[in-house]
Amino acid sequence: MNTNQKHTMTAQLIITALLIGLAAGILSGLVGVGGGIIMVPALVFFLQYTQHQAQGTSLAVLTLPVVILASLYYYHQCRIQGTPIDLKAVALLAGGFLVGGFFGSKIAIAINQDVLKKIFALILFYTAFKMLEWDEVIFKWVKGIFQ
C-alpha cells in the first residue's frame with residue numbers, strides 16, 4: 001500500500017486485517033513470537049503494505065494487547081506454577097528493547113525495503129534452522145564425512 005493511497009475500509013480489508021491480527025495473536029500467545037512473524041509478511045502479501053509500513057504497523061499493534069493481556073496472563077499462570085516471571089529481568093529487557101527498537105527502526109527506515117525484506121527472511125530462516133536443530137544434523141553429517 002503506497003503512502004499516497006487512501007485507506008478505504010472495505011469489508012474485505014476489515015476481515016483480512018482481523019484475520020491477520022487473530023493469527024498473529026494466537027501465535028504470540030501460543031509460542032511467544034512477536035506478531036512480526038505472521039503480521040509483517042501477511043501485511044505485505046495480503047494488504048500490499050511496504051516492508052517499512054508492515055514493520056511499523058506490527059510494532060504499533062503489539063503495544064497494547066501483548067503488553068497487557070498476554071503478559072498478565074503469563075504472569076499469573078507462571079506464579080501459580082511456581083515459576084514466576086522475573087520482573088527485574090523484564091525491566092532490564094524492556095529498557096534494552098526500548099533503546100534497541102528506537103535505533104533499529106532508524107536503521108530499518110534508512111535501508112532499501114527490498115534489502116530489508118531479505119534481512120527479515122534470513123532472520124526467519126536462521127531461526128527456523130536453529131529451532132529445528134538442522135545445524136546439528138548438518139554438522140554431524142559433515143563430521144561423518146571426514147572421519
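Reader: Where is Gln 48 found?

Author: Gln 48 is found in the loop between α2 and α3 (51-62); helices are DSSP runs of H or I with at least four residues, numbered from the N terminus. This is a predicted model, where local features need pLDDT of at least 70, side-chain atom pairs count only at pLDDT 80 or more, and totals for chains, interfaces and linings use all residues. Residues are numbered from 1 along each chain as its sequence is written, and side-chain values use heavy atoms, with hydrogens and water left out.

Reader: What is the phi of Gln 48?

Author: Gln 48 has a positive phi of about 55 degrees, although it is not a glycine. Most residues other than glycine have a negative phi.

Reader: Why is Glu 133 called partly exposed?

Author: Partly exposed lies between buried (under 20% relative accessible area) and exposed (over 50%), using a 1.4 Å probe and protein chains only. Glu 133 has 44%, so it is partly exposed. Glu 133 sits in the loop between α6 (113-131) and α7 (134-145), and its phi is positive too, at about 60 degrees.

Reader: How do you know that helix α5 is close to its expected span?

Author: The expected span is 1.5 Å times one less than the number of residues. Helix α5 (residues 87-110) has 24 residues, with 34 Å expected, and reaches 34 Å from its first C-alpha to its last.

Terms used. Helix = DSSP H or I, 4+ residues; strand = E, 2+ residues; numbered from the N terminus.
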